There are 2 protein chains.
Amino acid sequence: MSELRQDPTTFDWVIIAKERAKRPHEFRKHGPTKSSLLSHSEECPFCPGNEDRTPGAVAVYGPPDNWKIRVVPNKFAALTPEGNTQRDEWKMFRKTLGYGRHEVVIESPLHNKCIAYMEDDHVEQLIGVYRDRYLELKKDPNIKVIIIFKNHGEAAGTSLEHPHTQIVASPVVPPFIRRRYEIATQHFDNTERCLYCDLLFTEFEAKERIVQESEFFVALHPFASRSPFETWIMPKVHSSSFGKIAAIEIADLSRILKGIFLKLHVSLGNPDYNLIVHTAPVDDEHKTYYLWHIQIIPRLTLAAGFELGSGIFINTSVPEETAAFMREVKVP
Amino acid sequence: MSELRQDPTTFDWVIIAKERAKRPHEFRKHGPTKSSLLSHSEECPFCPGNEDRTPGAVAVYGPPDNWKIRVVPNKFAALTPEGNTQRDEWKMFRKTLGYGRHEVVIESPLHNKCIAYMEDDHVEQLIGVYRDRYLELKKDPNIKVIIIFKNHGEAAGTSLEHPHTQIVASPVVPPFIRRRYEIATQHFDNTERCLYCDLLFTEFEAKERIVQESEFFVALHPFASRSPFETWIMPKVHSSSFGKIAAIEIADLSRILKGIFLKLHVSLGNPDYNLIVHTAPVDDEHKTYYLWHIQIIPRLTLAAGFELGSGIFINTSVPEETAAFMREVKVP
C-alpha cells in the first residue's frame, strides 16, 4: 500500500504511491536524448545578431560582439521598476503596483547549449552571473525576495527554447517563502541548529537518498519528494543566502549541477524541468536560521485536482529507488 | 504596469499581468466546442457493460443493469482502508501508512456526457451522490479531511475521458487546508464573523467580479484569481461543511454549476479544468468559522518555476474583465 510522508521543511505531506509507482527507467521520455535544436535560430530573440529584439542589456559578459552571457530585462516583465510599493486597500482587498525587476539571463550564444553540455568554466561563469545579479538587485531597499529560476521545456512552462534563466525581484515576501523560513526559524529557536543542516546530517546517516556529493555540496532526492526525480542540491557549509556563495563554492557547484543535469539528460532523455534557487528573504539573510539550496523538479507528472485542493502531492516513484538509479547512471 | 493582489483567504499574492493580459476571448481553445467523443466506448472501464473492469461498486444509483451513477473504489487508489494511521518516526522523518479511501464517481453511463450538457435532475442527483459519499466516508474516525475533485481534460491531469469525479478521504489534515481554516478562524476570533461571508458581502458591493447569482449561491471570479477564469461558487447561507448541504440547496447548486460549465464550454471551447470542493476538516465542521465552497480552475496556463519557487501566480487576465465577459455569454 502507499505511504504518507511529511516534508520536515514545510510539514507538507506527500503520498508515495508505491503500488502505482513506475520503475525509475520508465520515466524516460521517448525520442533522442540530445537536443535536436540547431545551434542558431534566425527567429530567436536570444541568439546573437538579434540583440535589438530584447530590451537593452543590464550586463554583458565577454566582448559585446562575441558575448558569452547576456542579461536583459524581460520584455514581458511580470514586475517593473516603476511606481512604488505602497499598499492600496479597499475593504478586504489589498493590492500594490507590480514594482520589482524581472530579468532574463541568456546563458550562452548557442541556441541549443543546455547546462548539461556546457563547458565547465561556462557553467561556473553562469552561476557567478546569478550571484552578480542577486547582489545588484538586492541593493534596492524595496526588494524583499529574489527568486532565481529556470523553465526548461514546454511542460515546465518555457516559451523560448534558447537556454535562459529568469530572476524576479519581488517587493513582497509571499507566505510560501515566509512559511519555509518560519519553520526553519522555529527549529533554530528550539535547537540552536539549522533545520536544513540537521536534515543533511540525517540524510548522510540514511545514505539511501543521496545521489552525488562534491567538496561543498550534496545532491539528493528528498524523503518526501513531491514528484519523481525531484532533486535538491544543498551546501554542506551553512549559509542562509545564495548571495554569500564564495568563488570556490561556485566552481564546485557548477560541476555538481552540470553532473546532475547530465545524469537527468542521459537517463530520462532531456526531461522538462524547473530549477529554483531557494534563499532567505533579503532582510533575513544576515541571520543563520535558513540554508539556501537548489531544487530541481522534473515535470514528469501533472498536478491535478487533488494536489490543487489538498496540497498533498502524489508521487508515483520511490525516492530511494530513483536515487539509487541516478547514482548508477554513467555520464560522459 | 502589473498589479500584485493579495487573496484575503490565504494571504497569497498573485501578479495580475495587465500588459501581458489577453482579452477574455483569446483564451478560447481551437476546435469544436462540443465533445467529439462518442457516447459509448468498448475500451472504457467506466462504460456500461464493462462493470467488471472496476473494483466492485460501493454505491449504485438506478437499476443495476441500467444505472445512472455508479461509485467504485479507485482501481489505482492513492489511499486504501488497510493498516492504521499511526505515525512512524525515524529522526527527522515522519510517515504513516497510506490509510484512507479513494473513490470514483462515474457520473453517467454516457461516455461523452459532461455536466454542462447533463439533464438538470441528473446534475442534482450527482451532487446528492457527492453528499452521500461525504457522509458515508466521514463515519470512519480515522478520516480527517475529505476532498471531492474533478479533473476534466488532459491538461487537468485526467487519464480517463469518461466523465467522473474523485473523492479522497485522508487521515491527515494537510497544512494547505489547515492554513486556510486557520486564517478563517483568526478572522472569526477577531470579528465574530465568517471571513468568506464578509468576502461575499464585499464582492456584492464591488459587483464587478460576480458572474452569476442564484437563490442560494453566487459564482464569481475572485479578486486575486490565480489563473484566468478561476471561478468560485459560494453559498449565500453560511455553512462550514459541504456535508450539511440541504436538498433545496443541492437543486439550486446543480443549476448554477451546470450554467457555469455551459458558459465555460461555450465561450472557451470545452476547456480543461479542475473542480475542487473546499470544506472544513471533518473534526471542525461543527464550528462556524469556515465557509465551504467550490473552486473551478480552468487549466489555460501552466505553473512554471516562478510559481513553484514563490507561490506567487502570474495571471495573464484581469478578473473584472473575465467576469464581465462571462456575464455576457449566452447559453442554450
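Colleague: What makes the crossing of H1(A) and H4(A) right-handed or left-handed?

Modeller: This is a predicted model, in which local features need pLDDT of at least 70 and side-chain atom pairs count only at pLDDT 80 or more, while totals for chains, interfaces and linings use all residues. Residues are numbered from 1 along each chain as its sequence is written, and chains are lettered from A and ligands numbered from 1 in the order in which they are written. A crossing is left-handed if the near helix is turned anticlockwise from the far one by less than a right angle, and right-handed if clockwise. The crossing of H1(A) and H4(A) is right-handed.

Colleague: At what angle do helix H1 and helix H4 of chain A pack, and how far apart are their axes?

Modeller: H1 (residues 120-137) and H4 (residues 247-268) of chain A pack at about 115 degrees, and their axes are 8 Å apart. Axes are lines fitted to C-alpha atoms, for helices over the stretch in contact, and angles run from 0 to 180 degrees between N-to-C directions. The helices (H or I, at least four residues) and strands (E, at least two) are DSSP runs, numbered from the N terminus.

Colleague: Which residues of H1(A) and H4(A) meet?

Modeller: On H1(A), they include A:Val123, A:Ile127 and A:Arg131; on H4(A), A:Ile250, A:Leu253 and A:Leu257 are among them. Two residues are in contact if their C-beta atoms, placed from the backbone, lie within 7 Å. By class, this contact has 6 nonpolar, 2 polar and 5 charged residues. Ala, Val, Leu, Ile, Met, Phe, Trp, Tyr, Cys and Pro count as nonpolar, Asp, Glu, Lys and Arg as charged, and the others, Gly among them, as polar.

Colleague: What is the handedness of the crossing of H1(B) and H4(B)?

Modeller: That crossing is right-handed. The axes of H1 and H4 of chain B come within 8 Å and cross at roughly 115 degrees.

Colleague: Why is the relation of chain A to chain B that of a two-fold axis?

Modeller: Chain A can be laid on chain B by a turn of 180 degrees and a shift of 0.0 Å along the axis, with an RMSD of 0.0 Å. That is the relation of a two-fold axis. The copies are superposed by least squares on the C-alpha atoms of residues with pLDDT of at least 70 in both.

Colleague: How do you know that the copies meet through the same surface?

Modeller: Of the interface residues of chain A, 100% are also interface residues in chain B, so the copies meet through the same surface.

Colleague: Why is B:Trp232 counted as buried?

Modeller: A residue is buried if 20 or more other C-beta atoms lie within 10 Å of its own, exposed if 12 or fewer, and partly exposed in between, with C-beta atoms placed from the backbone. B:Trp232 has 23 such neighbours, so it counts as buried. B:Trp232 is in strand E12 (residues 231-235) of chain B. Its contacts, not counting residues up to four places away in sequence, include B:Leu220, B:Pro222 and B:Gln295. B:Trp232 and B:Gln295 are 63 residues apart in sequence, yet 4.5 Å apart in space, C-alpha to C-alpha.

Colleague: What makes B:Trp90 count as exposed?

Modeller: B:Trp90 has 11 C-beta neighbours inside 10 Å, so it counts as exposed. B:Trp90 lies in strand E5 (residues 88-90) of chain B.

Colleague: Why is A:Ile210 called partly exposed?

Modeller: A:Ile210 has 18 other C-beta atoms within 10 Å, so it is partly exposed. A:Ile210 is found in strand E10 (residues 210-213) of chain A. Not counting residues up to four places away in sequence, A:Ile210 touches A:Glu203, A:Val218, A:Leu220 and A:Ala323.

Colleague: Which residues have the most contacts inside the largest nonpolar core?

Modeller: They include A:Ile146, A:Tyr196 and B:Ile15, and the core has 91 residues. A nonpolar core is a set of buried Ala, Val, Leu, Ile, Met, Phe, Trp, Tyr and Cys residues joined through C-beta atoms within 7 Å.
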